[in-house]
Amino acid sequence: MHFCTYFDHNYIFRGLALHSSMMRHCGSFTLHILCLSDECYSILKELRLPNVELITVKDLETFQPKLIIAKSNRSKVEFYFTCTPVVLLYLLSKSDIGLITYLDSDTYFFSSPEEVFDEIKGASVAIVSHRFPEKLKNLEIHGKYNVGWLTFVKDADGLKCLNWYMERCLEWCYDIVEEDRYADQKYLDQFSSIANGVIEINHLGCNLAPWNSKNYKISFDNKNINVDNQKLI
């Protein structure tokens, strides 16, 4: 399995926690980390974490020179958001990667993601909803779907959707809410109209978060944390 994430040195402790949880629960995997600062790259290079491959911003800019222009006309965080589809497409351009999953760097695994990958098997793109409770539905102005988990397959529909996503983010990726866009996130709402094979992940144990946990009964047994009747992933 191939995963990717990104962070700078200020977020590195979260990325290390993600990696640690993956070592326990993700079996055979490679985590591709886009280092968003030189300090981040230096620290991770020295740590030599197992199952990790490092990517620099320069690597990404060589692959997609329009990123250099984007860096000049948006804030640092907005530039980071812009990198989301670019790093995904950069990795799918490698011959040995046929499926890639992006994870936010503050994600943490409590069990194997195998059940999620079983659910999305056969899809070209997989996205996950915020699942806001009714009293937080107003937050959907930022997008129904959350960038925290994105899976793309290297097939015609997956690449069509991902290329569209990259071009939109390169054009406009700002921390501003507009009717059909917000940062790198609200574009996800349009994926199903761009390409076939887009699936919403329904597993309740995927993307459990502070904003949606009150939707569910959280329970514990000797082995797992459970979200209603499904295992927390």
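S219 stands opposite N226 in strand 9, a strand being a DSSP run of E with at least two residues, numbered from the N terminus. The model is predicted: local features need pLDDT of at least 70, side-chain atom pairs count only at pLDDT 80 or more, and totals for chains, interfaces and linings use all residues. Residues are numbered from 1 along each chain as its sequence is written, and side-chain values use heavy atoms, without hydrogens and water.

**Sheet**
- Strand 8 and strand 9 (residues 225–227) pair in the antiparallel sense over 3 bridges; two strands pair if DSSP finds at least two bridges between them.
- The order 8-9-10 describes an open sheet of 3 strands with antiparallel pairing.
- Strand 8 (218–220) and strand 10 (230–231) are its edge strands, each pairing on one side only.

**Largest cavity**
- The structure holds 1 cavity of 30 Å³ or more; a cavity is a set of points on a 1 Å grid over the protein atoms alone where a 1.4 Å probe fits but cannot get out, and lining residues have an atom within 4 Å of a point.
- The largest cavity contains about 40 Å³ of space, a volume being the space filled by probe spheres set on grid points joined across faces, edges and corners.
- Its lining consists of L99, I120, A123, S124, V125, A126, T151 and V153.
- Strand 5 (125–129) and strand 6 each supply at least two residues of this lining.

Technical notes
Helix = DSSP H or I, 4+ residues; strand = E, 2+ residues; numbered from the N terminus. 1 Å grid on protein atoms, 1.4 Å probe; cavity = no way out; pocket = protein on both sides within 12 Å on 5 of 7 lines; lining within 4 Å.
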